[in-house]
Amino acid sequence: MLTWLRVLSDWIWQDRLWFPAGLGWANLKDRDGQVFAKGSDLWVIFPIAVCFLIIRQIFERTVAVQLASLLRVREKPRVRAAPNTTLESYFCNASKFPSQSSVEELTKQSACSVRQVQRWFRRRRNQERPSQIKKFREACWRFTFYVLAFIAGLGALIDKPWFYDMEEMWNGFPTLPLLPSQYWYYMIELGFYISLLFSVATDVKRKDFKEQIVHHVATILLISFSWLVNYIRAGTLIMLVHDASDYLLESAKMFNYAGWRKTCNYIFILFAAVFILTRLVILPFWIIHTTWVYPLTLYPPFFGFYFFNGLLFVLQCLHIFWAGLILRMAIKFLPGNVCIPKPNHYRVVSWTEIEPRVRLISKLNGEFPLNVLCSVG
């Protein structure tokens with residue numbers, strides 16, 4: 001068994017798959033005082049991830065709670081659904097949103113009216129919604145990390161030639177010496193994303209949960225692979241681009257939980273602009289262009305070249321998906337586009353009328369101002 005594993009490992013990590021012709025792992029051995037990235041370095045990300053999980057628990061219970069109190073984050077009282085075995089069984093095993101025919105059937109089984117069944121399911125769904133304080137604490141933690149990571153990444157790259165001329169990413173590849181700032185930037189970013197995967201079971205489950213998992217896994221694979229084959233200069237630029245907008249999104253969530261609607265709206269519009277600029281302009285037209293087109297002028301294509309760019313394209317597809325949702329949200333939050341209800345001019349609407357708009361806003365985690373849902377008669 002060990003022999004087969006050794007043979008498989010040798011085949012997977014053969015030079016011709018991951019490096020241009022004539023180059024290989026031998027070129028990445030330390031020499032003449034120069035240190036290069038090694039696969040064994042990545043083991044450190046697991047203790048770093050554990051440290052992040054511990055620090056997060058302390059941070060959320062101290063700093064985040066104090067900040068929530070300072071910003072007057074309040075939890076609205078919720079009316080609990082009355083105990084009902086029939087309805088509870090349907091809620092847990094069938095659907096949280098029963099159809100009209102199911103509601104009528106449940107009225108017969110539970111001896112309740114249609115209105116009582118609908119009210120019960122509405123209250124029962126509200127019971128499972130995470131608290132405002134919990135969502136604020138999570139957003140506060142991510143905001144703190146992203147803003148510090150962006151500042152640190154900018155400090156590590158601002159004086160590097162490849163920050164201004166991206167073709168410098170390939171100058172001397174693959175024998176690019178490892179800098180201490182690059183080492184810690186990589187390990188901390190990887191450790192943080194690993195910690196997010198560890199905590200996904202206890203975090204608030206978002207509407208884009210599956211997309212987030214794909215994003216985290218693709219990001220971890222991309223960062224790890226770029227470390228192994230010394231695409232470190234490209235990797236640091238990609239991480240910086242991602243960190244540039246994430247802290248704005250988390251700060252918008254924090255202000256929304258605190259009830260600062262206008263501040264949240266303006267920050268979200270700023271976030272949308274930065275997101276579009278960094279992930280739909282700079283990333284594809286500068287960074288991906290340099291990783292996809294420029295290397296072909298230096299080397300013939302090889303498997304590692306396609307693998308690295310394939311992961312980038314997966315991330316780019318996710319960015320396009322999110323950008324569509326973000327733009328639709330941002331347009332609604334622009335000044336003059338928010339619907340303000342007039343006193344005493346409300347009309348009763350059904351769930352089927354407002355559901356499409358609710359689900360649209362929920363696509364971005366259901367955490368932004370809902371005043372665009374006003375229905376004026």
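**Entry 1: overall fold**

I read the elements along the sequence and found the pattern α-α-α-α-α-α-α-α-α-α-α-α-α-α. The count is 14 helices and zero strands; I took helices (H or I, at least four residues) and strands (E, at least two) as DSSP runs, numbered from the N terminus. The model is a predicted one, in which local features need pLDDT of at least 70 and side-chain atom pairs count only at pLDDT 80 or more, while totals for chains, interfaces and linings use all residues. Residues are numbered from 1 along each chain as its sequence is written, and side-chain values use heavy atoms, with hydrogens and water left out.

I then looked up burial. Of the 377 residues in the protein, 44% are buried, where buried means under 20% relative accessible area, exposed over 50%, and partly exposed in between (1.4 Å probe, protein chains only).

**Entry 2: a nonpolar surface patch**

I noted a nonpolar patch on the surface formed by Leu2, Leu5, Leu8 and Trp11, with about 460 Å² of accessible area together. Patches are made of residues with over 30% relative accessible area and no salt bridge; like charges are joined within 9 Å, and nonpolar side chains (Val, Leu, Ile, Met, Phe, Trp, Tyr) within 5 Å. A salt bridge is a side-chain nitrogen of Lys or Arg within 4 Å of a carboxyl oxygen of Asp or Glu. Accessible areas come from the Shrake-Rupley method with a 1.4 Å probe, and for residues only the protein chains shown count as cover. Trp11 lies in helix 1 (residues 2-12) and counts as exposed because its relative accessibility is 54%.

**Entry 3: the second largest pocket**

I looked for open space next. On a 1 Å grid over the protein atoms alone, a pocket is an open set of points with protein on both sides within 12 Å along at least five of seven lines; a cavity is a set where a 1.4 Å probe fits but cannot get out; lining residues have an atom within 4 Å of a point. Grid points are joined across faces, edges and corners, and a volume is the space filled by probe spheres set on the points.

The second largest pocket holds about 300 Å³ of space. Its lining has 13 residues, with Leu42, Leu221, Ser224, Phe225 and Leu228 nearest the centre. Helix 3 (45-61) and helix 10 (209-228) each supply at least two lining residues, and helix 10 has the largest share, five. I sorted the lining into 12 nonpolar, one polar and no charged residues; Ala, Val, Leu, Ile, Met, Phe, Trp, Tyr, Cys and Pro count as nonpolar, Asp, Glu, Lys and Arg as charged, and the others, Gly among them, as polar.

**Entry 4: the second largest cavity**

I found four cavities of 30 Å³ or more. The second largest cavity has a volume of about 90 Å³. It is lined by 13 residues, and Thr219, Ile223, Ile238, Met239 and His242 are the closest to its centre. Helix 11 (232-257) gives the most to this lining, five residues. The lining divides into seven nonpolar, four polar and two charged residues.

**Entry 5: backbone exceptions**

Most residues other than glycine have a negative phi, and most peptide bonds are trans. I recorded a cis peptide bond between Phe173 and Pro174, with omega about 5 degrees. Arg72 has a positive phi, near 60 degrees, and counts as exposed at 60% relative accessibility. Asn230 has a positive phi near 65 degrees, sits in the loop between helix 10 and helix 11, and is buried, with a relative accessible area of 1%.
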